[in-house]
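Dear colleague,

Please find the structure below, handed over for your records. My notes on it follow directly after.

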Amino acid sequence: MAGNVFGESHRGEGGGRCPCANETETLSSLSDRRCRLPSGLDGIQLNLGGSCVPFSYGSSRCLQHDLAHDPLCRADDAAERLIPEYCFRPWCFVDAAICKRESYERVYRSKYFDSESGGDLFYSYTVCNSTAKDWFSVEPDVVGSTKLGGIALEVVVPSYKYPALFKRGDKGEVLTETGDEYYNESIPFEGAYMNYLEDIFDISNGDIRNISYTYRSKVSTRIHPTSSYTAAVQDIHDGLVDMAVGPFWITTERLQLTAFTIPIVIDKTFLVIPRPGTSNSLNEQIEKVLMPFSNELWALVIAIIVMAALLSVWFSDRSSEEAMARREREMGLHRNRSMPSLRRRKIAYLRISLDSILEKGLFFCSAGVEQVRGASLPNQLLMFGFGFFILITVSAYVANLAAFLTLSSTDAMTTMGGAVDAGYTICAHPALKIELETAWPRANFFYHSDGNEFHGLLDDFDAKKCQAMAVGWEDTAHDSIFLEKLCDKNLTFTDSIIAEMPIAFPISPQLSAGLSYWILEGERRHELSVSASKQDYDQAISCNVQFEKQMESSDYAQISSKNMFLPLVFFFSCAAIAVALQMIHQCLAKRGRGSLLGRTSTLNLISDVDQSQQNYIAGLIKRVSDIKQGERELLATLRTRKSDCNENDLTGDDNFDAGDNGDAHHRPVSTKTLIRSLMLYDMEEETSDVEDGSDGFADQDTALPQT
């Protein structure tokens, strides 16, 4: 109610010292007066049984709050009546203590939300440059009285719904379908709702003088052929009766016809389906093994196994140029540029990678990591992170597996979401059309059109017009006839809630506050409720109509990647650090500098070479020693033969002419040259073995280079 519906805020004489207050939280806390707005959101009743407005009503700004929210100010029927002047006046809730102390604004206590309601709010028109004169002229009529003044209520009964509403036949049997007796007022109406209303009459201390029950008009049934309850609301709108009794949903359509009392119960509409059987097929038993983890997590586990395997191959590879250069430097040698490079073929790397992947997969399945003696620091760090990931993952899988292996699978859709995704047609009550289609826009609903309420839904189901039904629990929980039909048809209620609707009594607007007051008093002081009245009509049925699950759905919750956040972060952190260390080591090796990062973790005070390198050096030294010994023996033989040759020269024998040049042709080979030649020979042999698939080592005892 500001300057216009979306109007700007105004300042009154207070000059901003009496600001509008935000009372949204206060209004939302008044649970006794909660209601449902036409939009489907929760709201607050202006008084008991009065108009339903949002929790933001009157808060924060100077607006035309009544014009925007009060049904009495609706402009849709402005052609038939004048809209009251107060609807156009801007106002807002204020803090009375501040305004009284800091400003000269007129402040009033709200009669909608006084101290007895639990709100105790104050409002002001002058702070919005407006006047309260128009409001005060209509306030008594709009707010109404909490007293009925000894009224005699004429109440319409919409239909039969045992045990809520019914009549008895000539033999005392309960009648479930209306006939000529419905219009016979000499036959009294009975039921839990009549009993509850009579209890309200008893505690009213004469404020309700009398209650008489009657039938709905036939013309209203013609106007609303799909629902006898909406037809009864039409009779209240037309002024034929004061109110109606029964389990009436507060729907958008009915709110446009009349007011309602405060809700007396919240009805939950559940999905009703054919009773599911159990399925123990081989495919489903196989799927149970994979069910503890989500598909996303399984993919992530496989990716981590592959990642750990490939990084492990990289960290343990000793065939790179940097590794060869380091080995040569450790032996104090310089590699000959003509020596061939040891480049393994791609197929070899693929085979090694496959072996490593299978190995890491075996580690995962066996819930452990092999401890490799002498592994490098990056490789050990990688395995540390991988081991922690295995520990948490395998423990979580085993803990969750037992529940899934014992799960009995069902062969039916047991949730509303599943029914919608499967394209099921769902039989539903036409009075809930707006609410259901708003909540489930993708659902395929079939609405019963013969006005037979929930029994009509069963008829539609039998006629194969739908595969499931949307049934209100409050309407049918004590209806033994309806429940027995469910048993006969092997149908069951699931725990999937389709909608939640407040149930209240439709009543003339001027009487809603008074009756709501006594309903609230009955609940607070006398413990009166419809549920208690229904206990007198409990009857045993032949089956359990509620679908029983072995365990709650939370017991079968799959483990997702979010649940594994810590082990995933730990593994990736270790892998990242290991990669960084390996790259630093290779960078230092390329520059010819020593690095502790790539060293194997063994204690060797002599050198940093591994055992195979030490064995190779020892064999090389032995071969050099043997060659040198052979060389010395050869030279000794040559010298002996030279001496013989000299004697032959004296006798004229010229068969051997080595002469003095023999020592020149058989000088000792230097140790350095000999070692280099041996290494060249070995590397040529190793290269040849790699190419033909052999083990890559030459026979050091049988193959010696020519010197």
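Which side chain meets that of Asp460 in a salt bridge? The partner is Lys465, at 3.8 Å from N to O; a salt bridge here is a side-chain nitrogen of Lys or Arg within 4 Å of a carboxyl oxygen of Asp or Glu. Asp460 is buried, with a relative accessible area of 5%, whereas Lys465 is partly exposed at 40%. Buried stands for under 20% relative accessible area, exposed for over 50%, and partly exposed for values in between (1.4 Å probe, protein chains only).

Please note that this is a predicted model, in which local features need pLDDT of at least 70, side-chain atom pairs count only at pLDDT 80 or more, and totals for chains, interfaces and linings use all residues. Residues are numbered from 1 along each chain as its sequence is written, and side-chain values use heavy atoms, with hydrogens and water left out.

Salt bridges

The count comes to 12 salt bridges. One of them joins the side chains of Arg168 and Glu190, at 3.2 Å from N to O. This pair links distant parts of the chain, 22 residues apart: Arg168 belongs to strand E8 (residues 167-168), and Glu190 to the loop between strand E9 (174-175) and helix H5 (192-203). Helices (H or I, at least four residues) and strands (E, at least two) are DSSP runs, numbered from the N terminus. Arg168 is partly exposed at 32% relative accessibility, and Glu190 is partly exposed at 25%.

A network of salt bridges links Arg34, Arg36 and Asp42. Asp42 is partly exposed at 37%, as is Arg34 at 32%.

Aromatic pairs

The model has 29 aromatic pairs. Rings of Phe, Tyr and Trp (its six-membered ring) pair if their centres lie within 6.5 Å; planes under 30 degrees apart count as stacked, over 60 as edge-to-face and the rest as tilted. Trp298 and Tyr397 form an edge-to-face pair, 5.7 Å centre to centre with 70 degrees between the planes. Trp298 lies in helix H10 (residues 295-316) and Tyr397 in helix H13 (residues 377-405), so this pair ties together parts that are 99 residues apart in sequence. Tyr397 counts as buried, at 17% relative accessibility.

The rings of Trp473 and Phe493 are also paired: their centres are 5.0 Å apart and their planes at 90 degrees, so the pair is edge-to-face. Trp473, in helix H17 (residues 473-476), and Phe493, in strand E20 (residues 491-504), are 20 residues apart. Trp473 is partly exposed at 26%, while Phe493 is buried at 3%.

The sheet and its helices

An open sheet of 6 strands runs in the order E12-E20-E14-E19-E17-E18, with mixed pairing; two strands pair if DSSP finds at least two bridges between them. Strands E12 (248-249) and E18 (444-447) stand at the edges with a single partner strand each, so one side of each is left without a neighbour in the sheet. E12 and E20 pair in the antiparallel sense over 2 bridges, and Trp249 stands opposite Ile503 in E20.

Helix H18 (residues 480-488) packs on the sheet, touching E14, E19 and E20, and its direction makes about 155 degrees with that of E20. Contact means heavy atoms within 4.5 Å; axes are lines fitted to C-alpha atoms, for helices over the stretch in contact, and angles run from 0 to 180 degrees between N-to-C directions.

Yours sincerely
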